[in-house]
Amino acid sequence: DATRMRLRYHPFMIDLAGKPIAITGASSGIGRATAIACAKAGMPVAIAARREDRLADLVKEITTAGGKAIAVRVDVARQADCDELVARTIREFGSIYSIYANAGIGHESKIAEMSDADMRSIFETNFFGTLNTIRPALPHLRKARAGHVLICSSCLSKIGMPFHGAYTATKASQEHIARAMRIELRDEGVHVSSIHPVGTSTEFFEAKAARTGTSVAMNSPPRWATQPPERVASAIVKCLRHPRPEVWTTWFGRLVFAAADISPRFTDWGLTRFKARHKH
């Protein structure tokens, strides 16, 4: 029928004004930039992270510019924190329209040498943290038969990078649940999109290097393959207005990583060259 056709193809722009969004990992990088971009689009924003001082500064920046924002301290590995994020969003703004599972960490290690503790830690934050974030919002979106779930995966969800296999495994897992949920919730009016940034100029690489005792240079993509977080934020707002399955900010990145699935041998050759440039 006509309603299902609109849900499937989204020919009309969605007016975001007054539609609340909750964002995890919002104290810096893509999460912070997305909060600012959504506020400029008229969305009340609930920003969440563990660094409360940075959240307070961001709330001040958004409200000074005329937007609406609240801050909630959240560790996404704790379900209770994520429950409170959604509850606070609804209490303050009256409803919740979108939930953005953005918080994540990286880890550099050979799979054969990675401890169970480190492996479980990255999955607790990146994968289970995503589930913790979106689960409390889903009943409200489904009841309203409207809303948008956003999951920050990665361009690396398409391949298993040497020394970063645990991270790419979590990103692939995020992409898979996003795809499944997109089909499962399609007839209920809830959109689901996965976000696939290429290298982004944020604190992510410094944090990963500090966590694993490696160099920032070794953890960072080449300069030509990086982008500012504002570019990702702009693409996310565009996706909120015109929902689509995946968000990519460069046609080059999408083409390269799509080709990786088509030719595994060529991809392995390229990854072997990458490995040769890293001394472990």
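## A lysine over a tyrosine ring

Lysine 19 lies over the face of tyrosine 97, 5.7 Å from the ring centre. A charge counts as sitting over a ring if NZ of Lys or CZ of Arg is within 6 Å of the ring centre and within 35 degrees of the ring normal. The model is predicted: local features need pLDDT of at least 70, side-chain atom pairs count only at pLDDT 80 or more, and totals for chains, interfaces and linings use all residues. Residues are numbered from 1 along each chain as its sequence is written, and side-chain values use heavy atoms, with hydrogens and water left out.

Methionine 43 is buried, at 1% relative accessible area; buried means under 20%, exposed over 50% and partly exposed in between, with a 1.4 Å probe and protein chains only. Methionine 43 is placed in the loop between helix 2 (29-40) and strand 2 (45-49). Its C-alpha atom is 7.8 Å from that of glycine 67, and the two residues are 24 apart in sequence.

## Overall composition

The protein has 13 helices and nine strands. Helices (H or I, at least four residues) and strands (E, at least two) are DSSP runs, numbered from the N terminus. Of the 280 residues, 51% count as buried. Among contacts with a separation of 6 or more, 71% are between residues 24 or more positions apart.

The accessible surface comes to about 14000 Å², and carbon and sulfur atoms hold 55% of that area. Areas come from the Shrake-Rupley method with a 1.4 Å probe; for residues, only the protein chains shown count as cover.

Strand 4 runs parallel to strand 1, with three bridges joining them, and parallel to strand 5, with four bridges. Two strands pair if DSSP finds at least two bridges between them. Isoleucine 99 in strand 4 is the bridge partner of alanine 22. Isoleucine 99 also has valine 149 in strand 5 as a bridge partner.

The structure holds two aromatic pairs. Phenylalanine 123 and phenylalanine 127 make an edge-to-face pair, 6.5 Å centre to centre with 65° between the planes. Rings of Phe, Tyr and Trp (its six-membered ring) pair if their centres lie within 6.5 Å; planes under 30 degrees apart count as stacked, over 60 as edge-to-face and the rest as tilted. The rings of phenylalanine 127 and phenylalanine 128 have centres 5.0 Å apart and planes at 80°, so this pair is edge-to-face.

Phenylalanine 127 is buried, at 15% relative accessibility. Phenylalanine 123 is partly exposed at 22%, and phenylalanine 128 is partly exposed at 37%.

## Positive phi values

Most residues other than glycine have a negative phi, and most peptide bonds are trans. Arginine 145 has a positive phi near 55° and is not a glycine. Arginine 145 is in the loop between helix 7 (138-144) and strand 5 (147-152).

Phenylalanine 163, likewise not a glycine, has a positive phi of about 75°. Its place is in the loop between strand 5 and helix 8 (165-184). Phenylalanine 163 is buried, with a relative accessible area of 7%.

## Methionine 13

Methionine 13 lies in the loop between helix 1 (2-9) and strand 1 (21-23). Methionine 13 is exposed, at 55% relative accessible area. Residues up to four places away in sequence not counted, methionine 13 touches Arg241 and His242. The C-alpha atoms of methionine 13 and proline 243 are separated by 8.8 Å, although the residues are 230 apart along the chain.

## Cysteines

How many disulfides does the structure hold? The structure holds zero disulfides, a disulfide being a pair of cysteine sulfur atoms within 2.5 Å. Cysteine 82 is buried at 1% relative accessibility, and cysteine 239 is buried at 0%.

Technical notes:
Contact means heavy atoms within 4.5 Å.
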